[in-house]
Amino acid sequence: MKNTDNEIIEKILKLKSSRKAVILAHNYELGEVQDIADFVGDSLELSQNAAKTGADVIVFCGVHFMAETASILCPAKTVLLPDMDAGCPMANMITAPQLVEKKKELPDAQVVCYVNSSAEVKAESDYCCTSANAVKVAQSIDAKEILFVPDQYLGHYVSTRTDKKIHFWPGYCPTHARIRPEDILRAREEHPQAKVMVHPECRPEVIQLADEVLSTGGMLRYARSASAREIIVGTELGIIYRFRKENPGKVFIPASEQAICPRMKLITLEKILWSLEEMSPEVIVPEPVRARAKRAVDRMLEIGS
Ligand code: 13P
Ligand code: SF4
């Protein structure tokens, strides 16, 4: 770590305490960002944490929909996203007017939106879900048909775990789509003793080849408890930092070196400091969108993980 980094960290910590702020970071964030966070987790854990924090300010080190979810749950708090360009491309693959049109075609379906969606899309949905609880949310819904947006691959994975009819939206994560079945096959050949865990945003052909299909939080728990010494990882590369830090005796093999989410890497220590100094950029979800979106998020939090 550079001296300048140490100076920045010191300033962040001082400001964090004078502003009564908490720093929440997603598992894909840069290692140095994870290290200064009060809490690092998956989307569900981050929203659970945001909902219960006593801090006045939440500095969200993740992508835009995550900060929006915090704002939906905590309207009285200031939610800062240190770089407004940190958006999730999959979340931008559906708009609220498009969803409204689709709902007209499927009047009997309940709408489940993946948390990787805008507040406006959440406001048009019946339930929200994350990768940690998508199957449980779908199973708990009292309806035979579900319109699942925007991730077609997570939707497909859910459809293999319930007997409900699932209608898909053609969205996908460009980062996870880069992981190919041949990557898993090659990694298995090179590491025959290894277990393979992948994220449910991966293509169905990749999921089919995995031993475990888990959210990033689920992967961290699996990495700690599995007896396997070698684990092949089919998700965004930022999480490898935490796997290695928490499990020094184990070997983690990225399924693909291409699985990088550039938007997650936009949050840096410099930007966190600047954001706390300026108390900007702030993510605010306007009422009544917030109130309608909160219904879907609250239903998800009640169902849990
Ligand atoms: P998790 O909720 O599993 O951390 O996933 C979030 C995400 O954006 C995955 O690409
Ligand atoms: Fe969005 Fe994929 Fe990046 Fe997750 S990894 S934030 S789904 S683009």
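This is a predicted model: local features need pLDDT of at least 70, side-chain atom pairs count only at pLDDT 80 or more; totals for chains, interfaces and linings use all residues.
As for where ligand 2 is placed, the answer is the largest pocket.

Let's turn to a pair of helices. Two packed helices are described by the angle between their axes and the distance between the axes. For helix 3 (residues 43-52) and helix 4 (residues 64-73), the angle is about 35° and the axes are 9 Å apart. The crossing of helix 3 past helix 4 is right-handed. Helix 3 brings Ser43, Leu46, Ser47, Ala50 and Ala51 to this contact, while helix 4 supplies Phe65, Met66, Thr69, Ala70 and Leu73. Sorted by class, the contact has seven nonpolar and three polar residues, with no charged ones.

Now for some backbone details. Most residues other than glycine have a negative phi, and most peptide bonds are trans. Lys20 lies in the loop between helix 1 (3-18) and strand 1 (21-26).

Two peptide bonds also deserve a look. Val149 and Pro150 are joined by a cis peptide bond with omega about -15°, and Pro150 belongs to the loop between strand 7 (145-149) and helix 8 (152-159). The bond from Ser280 to Pro281 is cis as well, with omega near -5°. You will find Pro281 in the loop that runs between helix 14 (269-278) and helix 15 (289-303).

Note on methods. Residues are numbered from 1 along each chain as its sequence is written. Chains are lettered from A and ligands numbered from 1 in the order in which they are written. Side-chain values use heavy atoms; hydrogens and water are left out. On a 1 Å grid over the protein atoms alone, a cavity is a set of points where a 1.4 Å probe fits but cannot get out, and a pocket is an open set with protein on both sides within 12 Å along at least five of seven lines; lining residues have an atom within 4 Å of a point. A molecule sits in a cavity or pocket if more than half of its atoms lie within 2 Å of its grid points. Axes are lines fitted to C-alpha atoms, for helices over the stretch in contact, and angles run from 0 to 180 degrees between N-to-C directions. Helices (H or I, at least four residues) and strands (E, at least two) are DSSP runs, numbered from the N terminus. A crossing is left-handed if the near helix is turned anticlockwise from the far one by less than a right angle, and right-handed if clockwise. Contact means heavy atoms within 4.5 Å. Ala, Val, Leu, Ile, Met, Phe, Trp, Tyr, Cys and Pro count as nonpolar, Asp, Glu, Lys and Arg as charged, and the others, Gly among them, as polar.
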